[in-house]
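Visitor: I have a model open and would like to learn how to read its features. Could you walk me through them?

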Amino acid sequence: MDEGLFRQKVSAFTTEAAWVIDGNYGMVRDIILARATTVVWLDPPRWRVMWQVITRSAKRVIFQEKLWNDNRERLSAWLDPEHPIRWAWSTHHPRRRQFLKESEGDSRWLRLRTRREAADWLVRLADA
């Protein structure tokens, strides 16, 4: 999607009374952070991220799971610098540094480092 149109749609969406956005959309980060009341940062350790992404990719290759447009993941795709395994490895530490800097002194940020922390937070949220 064109960046201008994407920014326009996100801008309109975030004027609603309640909204949730999932992901790291750098081109609209300024819009999101200016309007967010809570920023939930799921920050598992790198080993956990890599375990999850490698396991997911391996299952896709082994079981030839259908992806978008009937595509299937190939083992050879793991060499692509844009593959999720390589992307997760190369962006984990820089993104953590970026989020640490952005969250410093900002009480809206909630950093959840483990599955237990995330589950406990969801229970508290449901009870509230």
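Visitor: How should I take the coordinates and the numbering?

Guide: This is a predicted model, in which local features need pLDDT of at least 70 and side-chain atom pairs count only at pLDDT 80 or more, while totals for chains, interfaces and linings use all residues. Residues are numbered from 1 along each chain as its sequence is written, and side-chain values use heavy atoms, with hydrogens and water left out.

Visitor: What is the mean pLDDT of the protein?

Guide: pLDDT is the predictor's confidence in each residue, from 0 to 100. Where it is low, the predicted coordinates should not be read in detail. Here the mean is 94, and 100% of the residues reach 70 or more.

Visitor: How many helices and strands does the protein have?

Guide: Elements are DSSP runs numbered from the N terminus: helices are H or I with at least four residues, strands are E with at least two. The protein has five helices and two strands, arranged along the sequence as α-α-β-α-α-β-α. Its C-alpha trace spans about 45 × 40 × 30 Å along the principal axes.

Visitor: Let's look at one helix. Where does α4 bend?

Guide: The bend at a residue is the angle between axes fitted to the seven residues ending there and the seven starting there. In α4 the bend is about 40° at T91, and a proline, P94, follows within four residues. After α4 comes G105, with a positive phi near 75°.

Visitor: Which residues of α4 are buried, and what covers them?

Guide: An α-helix has 3.6 residues a turn, so residues three or four places apart point the same way. The buried residues in α4 are I85, A88, T91, H92, F99 and S103. Their cover includes α2, β1, α3 and β2.

Visitor: How do I read the pockets?

Guide: Rolling a probe the size of a water molecule over the atoms shows where empty space is left. On a 1 Å grid over the protein atoms alone, a pocket is an open set of points where a 1.4 Å probe fits, with protein on both sides within 12 Å along at least five of seven lines; lining residues have an atom within 4 Å of a point. Grid points are joined across faces, edges and corners, and a volume is the space filled by probe spheres set on the points.

Guide: The largest pocket has a volume of about 1600 Å³. It is lined by 48 residues, of which D22, N24, V40, W41 and L42 are the closest to its centre. α4 gives the most to this lining, nine residues, and among the other elements that each supply at least two are α2 (29–35) and α5 (115–127).

Visitor: What classes of residue line the largest pocket?

Guide: Ala, Val, Leu, Ile, Met, Phe, Trp, Tyr, Cys and Pro count as nonpolar, Asp, Glu, Lys and Arg as charged, and the others, Gly among them, as polar. The lining has 26 nonpolar, eight polar and 14 charged residues.

Visitor: And what is the volume of the second largest pocket?

Guide: The second largest pocket has a volume of about 200 Å³. Of its 13 lining residues, L67, W68, E73, A77 and H83 are the closest to its centre. By class, the lining has four nonpolar, three polar and six charged residues.

Visitor: Which residues have a positive phi without being glycine?

Guide: Look at the loop between α3 and α4, where Q64 lies. Q64 has a positive phi of about 50° and is partly exposed at 38% relative accessibility. D70 lies in that loop too, with phi near 60°, and is exposed at 53%.

Visitor: What does R35 touch?

Guide: R35, in helix α2, is in contact with S11, T14, T15 and W19, leaving aside neighbours within four places in sequence. R35 and S11 are 24 residues apart in sequence and 9.2 Å apart in space, C-alpha to C-alpha.

Key. Buried means under 20% relative accessible area, exposed over 50%, partly exposed in between (1.4 Å probe, protein chains only). Contact means heavy atoms within 4.5 Å.
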